Amino acid sequence: MFFRFLRNFTKSSTLLLAFLLVPVINADWFALNMTRGITDISNEVFELHMLIFWICVAIGALVFAVMFYSMWAHTKKKNPVPATFHENHKLEIAWTIIPFLILIAMAVPASKTLVKIYDDEAGDINIQVTGYQWKWQYKYLEDDVSFFSNLSTDLDEIYNLVPKGENYLQEVDEMVVIPAGKKVRFLITANDVIHSWWVPAFAIKQDAIPGFVNTAWTVVDTPGIYRGKCTELCGKNHGFMPIVVKVVEQEEYDLWVDNKRQEAIKLAELTTKDWSTEELVQRGQEVYEVNCVSCHMTDGQGISGIFPALAGSEIALYDKDRHIEILMEGVQGAAMNSFDYLSEVELAAVITYSRQAWGNAEKGDGEVVVPKDIVEYKEPKI
Amino acid sequence: MSAVIENHHDDHHHGPAKGLTRWLYTTNHKDIGTLYLWFSFAMFLVGGAMAMIIRAELFQPGMQIVEPEFYNQMITLHGLIMIFGGVMPAFVGLANWLIPMQIGAPDMALPRMNNLSFWILPFAFFILLSSLFMEGGAPNFGWTFYAPLSTEYAPPSTTFFIFSVHIMGASSIMGSINVVVTIMNMRAPGISLMKMPLFVWSWLITAYLLIAVMPVLAGAVTMMLMDIHFGTSFFNAAGGGDPVLFQHIFWFFGHPEVYIMILPAFGIVSHIIETFSRKQLFGHSSMVWAMLSIAILSFVVWAHHMFTVGLPLAAEIFFMWATMLIAVPTGVKVFNWVATMFRGSISFETPMLFAVAFVVLFTIGGLSGLMLAIVPADFQYHDTYFVVAHFHYVLVPGAIFSIMAAVYYWIPKWTGNMYDERLGRLHFWLSFIGVNVTFFPQHFIGLAGMPRRYPDYALQFADWNMVSSVGAFLFGFSQLLFLFIVLKTVMGGKKATGQVWEGAKGLEWSVASPAPYHTFSTPPKVD
């Protein structure tokens with residue numbers, strides 16, 4: 001019986017091996033290591049990594065060589081009578097002191113690089129990076145530009161309904177743009193839970209913590225697109241809030257800033273425009289799909305026990321004022337944060353959408369919220 | 001029938017009680033050790049099943065089996081169950097079985113508390129696991145439960161999680177007090193502290209670490225409870241609190257906790273290597289000093305888990321140097337094991353195979369830990385799969401291999417039967433291959449830039465994730481073979497002698513196999 005088991009086992013392990021070999025052969029054998037990155041600091045970090053890696057390999061090889069030799073030469077068969085030696089002070093002092101010296105040899109250059117990284121002088125350009133569940137906000141402190149950056153990968157790709165694109169989960173609707181050759185400083189914080197802003201090509205990883213501002217800086221000489229990720233567990237969509245930085249030449253950067261300003265002006269004009277319900281619902285659906293869908297779900301049903309349903313909710317049906325208030329102030333002690341950073345148009349549209357969609361309009365009062373309502377809400381109350 | 005009647009007459013020799021009450025009311029260290037070991041194995045399978053779900057989801061890019069929300073619950077429970085339900089109770093079980101026998105004591109010093117510290121554990125895990133069926137789901141913030149994700153933004157079941165952590169903490173503290181009191185007061189005459197077997201030493205140090213840090217953990221979860229229910233703002237920045245404070249408190253517990261899970265392994269492996277090399281351990285006292293220095297250093301390195309939170313430069317440099325310093329005593333231990341094997345007379349029974357694999361793979365995990373200590377490089381490694389690979393190398397082929405080695409090594413003493421050597425070796429090789437296929441590629445995935453705790457990933461990580469998943473399935477299902485081997489040994493097998501292993505030394509080998517229900521009612525003679 002045991003041998004039949006063994007035969008079956010051999011057969012299945014051949015299958016297993018074949019199964020293993022396919023990905024191993026296909027794998028990109030050059031993408032196994034840390035990226036060298038494209039800044040001076042990231043290169044230094046890479047060199048440190050390689051230094052310590054080879055030191056570890058050498059130590060490991062030495063120790064394992066002695067051990068394997070002993071396992072081969074000092075078996076019971078080859079060496080029936082064991083030696084009796086134990087404790088040797090010279091040897092013991094040596095294997096305490098030598099590792100100590102190796103460690104110092106490693107810690108000194110590491111500390112030097114660290115001192116270089118810890119430079120919190122202001123940059124030529126200062127960008128405030130704020131982590132939200134589950135997107136990043138970028139505010140250019142000098143240029144008065146501000147926007148959100150959301151994952152742009154389609155849900156159908158994530159749920160395997162359509163083939164995945166080349167930059168699957170590493171693409172956003174709006175990239176952070178910075179000029180080449182300038183010192184850019186990032187002021188990193190968060191609005192809700194802790195996130196972490198990581199761009200491997202710059203060797204920057206700083207936690208984004210509510211109530212704290214951490215800094216990191218970089219100078220990038222090579223224009224290009226560099227991709228990073230959130231690296232601190234921040235809830236359900238932690239894996240779906242990538243970072244994409246686009247480095248451009250100064251002229252292109254200036255153009256981009258002008259463009260963003262024009263956009264902001266146009267957006268302000270929209271606030272005073274007369275909106276039809278259909279327009280609001282249409283715009284609202286777009287806003288909903290970017291900001292609300294991850295908790296309240298596409299069908300407005302939420303997730304039982306954590307994220308309340310909007311479909312059929314008392315507030316969405318009958319209480320317009322409270323509806324506005326929740327979006328502006330958030331809900332104390334719950335995962336619902338204030339969304340007052342959205343524009344008046346976006347807020348009005350998304351509130352209108354959730355009062356109209358999923359049969360809410362038929363069941364409730366179906367009241368429409370226009371941008372003016374939000375402006376009024378924001379006016380100081382006496 | 002006649003045997004039962006005879007037993008009634010034999011009132012002087014108390015055997016175990018009959019039936020279920022034997023296990024409920026027992027104050028016998030061997031029974032309680034057995035309970036702990038079976039409980040930890042059950043939890044190992046539960047936590048392992050969760051690991052299988054995680055690896056199945058990561059088999060390919062895209063979401064296939066579970067939703068991200070449930071995935072987060074799986075990684076959280078997997079971590080908590082493996083640490084508090086798998087590794088720690090297994091070591092306590094071994095401590096119960098072995099410490100009294102190794103120091104020539106009749107039992108643990110506080111037998112009723114011993115019973116209590118075991119029997120509250122199943123309730124703790126029942127509460128923790130029941131959170132899976134609560135509205136809003138189980139805790140989903142990772143086993144490190146960083147605030148404010150675990151306070152303001154946590155599911156309602158977090159309160160139950162806090163309660164279960166309190167129970168686990170109480171159990172650990174009681175267990176540790178028992179170990180310390182037993183070792184300090186009940187050693188047979190002649191066993192001075194420096195003559196104590198290394199497993200006993202490793203547990204003495206571990207027990208002190210537990211007593212020092214479990215209250216800190218209890219404090220952390222109590223502050224969470226206050227933040228959630230009583231309007232305090234310990235960790236809420238908006239109320240004047242400090243989310244980073246949570247991490248300082250957590251890791252002040254968490255780093256010694258890491259050594260709590262590896263020190264007893266050091267003791268076990270030292271015994272096994274000594275026995276199967278048929279040679280005295282190279283340096284008994286240097287091993288003791290190394291463990292003591294590791295334990296003391298473990299209190300001053302906690303912030304190396306937090307290099308990216310924005311610590312001041314001086315703190316980063318201090319914690320980097322202090323962390324690297326731990327490599328020195330750890331090196332001493334590894335060199336000692338190698339020197340013990342050197343010119344020994346080595347045979348490779350299953351416990352030795354696991355012990356040798358422990359030395360090699362634990363060293364790999366230690367070396368990647370050294371890499372992680374280098375702060376600038378850690379900015380790239382932190383919270384990636386490189387870290388996942390690192391701590392699984394020290395915990396799976398480290399802590400868990402040592403527990404398996406211990407089971408194979410002492411099970412003849414526990415049951416009186418030899419395990420099936422051929423199956424034992426098969427189990428070793430399947431586990432060894434499985435562990436390396438699972439975790440070695442995770443070094444690559446991490447360096448290439450895949451963050452941990454991601455339910456889905458970019459396409460360049462696909463191949464090695466698939467390899468890792470196949471390894472995990474192999475490792476996971478091989479553990480059913482372990483269960484089979486243990487059951488088979490409990491039910492029968494070749495009878496073991498008292499000595500069991502040719503090279504074994506120590507008091508536990510001086511009694512019959514299986515060890516009588518009561519051993520050393522009068523202290524043995526030790527020279």
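Q: In β3(A), which residue is the bridge partner of Tyr138(A)?
A: This is a predicted model. In it, β2(A) and β3(A), residues 145–149, pair in the antiparallel sense over five bridges. Across that pairing, the residue of β3(A) bridged to Tyr138(A) is Phe147(A).

Q: Which residue in the hairpin of β2(A) and β3(A) takes a positive phi?
A: Four residues lie between the two strands of this hairpin. Most residues other than glycine have a negative phi. Here the phi is near 60°, and the residue that takes it is Asp144(A).

Q: How many bridges join β1(A) to β2(A)?
A: Strand β1(A) covers residues 125–132, and β2(A) covers 135–140. A hairpin through two residues joins them. Ile127(A) stands opposite Tyr140(A) in this pair. The strands run antiparallel, and the number of bridges is six.

Q: Is the peptide bond from Gln133(A) to Trp134(A) cis or trans?
A: Trp134(A) sits in the loop between β1 and β2 of chain A. Most peptide bonds are trans. From Gln133(A) to Trp134(A), however, omega is near 0°, and the bond is cis.

Q: What is omega for the peptide bond that joins Ser513(B) and Pro514(B)?
A: Pro514(B) belongs to the segment after α18 of chain B, a helix of residues 462–491. The bond between Ser513(B) and Pro514(B) is cis, with omega about -5°.

Q: What is the order of the five strands in the open sheet of chain A?
A: Strands of a sheet pair through backbone hydrogen bonds, either parallel or antiparallel. In this open sheet the pairing is mixed, and the order is β4-β10-β9-β6-β7.

Q: Why is one side of β4 and of β7 of chain A left without a neighbour in the sheet?
A: The order in this sheet of chain A is β4-β10-β9-β6-β7. Both β4(A) and β7(A) therefore stand at the edges. Each lacks a neighbour on one side because each has a single partner strand.

Q: What is the average twist from one strand to the next in the five-strand sheet?
A: The sheet is open, and its five strands belong to chain A. Its average twist, taken from one strand to the next, is 25°.

Q: Which residue in β10(A) is the bridge partner of Pro179(A)?
A: β4(A) and β10(A) run parallel, joined by four bridges. In β10(A), Pro179(A) is bridged to Val248(A).

Q: Are the faces of β4(A) covered or open?
A: In a regular strand the side chains alternate between the two faces of the sheet. On one side of β4(A) are Val176(A) and Ile178(A), both buried. On the other are Val177(A) and Pro179(A), also buried. Both faces are covered.

Q: At about what angle to β4(A) does helix α5 of chain A run?
A: Helix α5(A) spans residues 250–272. It lies across β4 and β10 of chain A, and its angle to β4(A) is about 135°.

Q: Which residue in β10(A) stands opposite Gly228(A)?
A: β9(A), residues 224–230, pairs with β10(A), residues 243–248, in the antiparallel sense. Five bridges make up that pairing. Opposite Gly228(A) stands Ile243(A).

Q: Is Ala203(A) buried or exposed?
A: Ala203(A) is in the loop between β6 and β7 of chain A. Its phi is positive, near 55°. With 29 other C-beta atoms within 10 Å, Ala203(A) passes the threshold of 20, so the class is buried.

Q: How many C-beta neighbours does Glu87(A) have inside 10 Å?
A: Glu87(A) is in the loop between α2 and α3 of chain A. Its phi is positive too, about 55°, although Glu87(A) is not a glycine. It counts as partly exposed because its number of C-beta neighbours inside 10 Å is 15.

Q: Where is the kink in α9(B) centred?
A: Helix α9(B), residues 243–260, reaches 26 Å from its first C-alpha to its last. That is close to the 26 Å expected. The helix is mostly covered, with 16 of its 18 residues buried. It still has a kink of about 30°, centred on Trp251(B).

Q: What separates the C-alpha atoms of Ile296(B) and Leu209(B)?
A: Ile296(B) lies in helix α11(B), residues 284–297. Ile296(B) and Leu209(B) are 87 residues apart along the chain. Their C-alpha atoms are separated by 8.9 Å.

Q: How many charged residues are on the side of chain A that touches chain B?
A: 90 residues of chain A are in contact with 90 residues of chain B. α1, α2, α3 and β7 of chain A each supply at least two residues of that side. By class, the side has 51 nonpolar and 28 polar residues, and the charged number 11.

Terms used: Residues numbered from 1 in each chain as written. Chains lettered and ligands numbered in written order. Predicted model: local features only at pLDDT ≥ 70, side-chain atom pairs only at ≥ 80, totals over all residues. Expected span 1.5 Å × (residues − 1). Bend = angle between axes of the 7 residues up to and from the residue. Buried ≥ 20, exposed ≤ 12 C-beta atoms within 10 Å, placed from the backbone. Contact = placed C-beta atoms within 7 Å. Nonpolar A, V, L, I, M, F, W, Y, C, P; charged D, E, K, R; others polar. Pairing = 2+ DSSP bridges. Axes fitted to C-alpha atoms, helices over the stretch in contact; angles between N-to-C directions.
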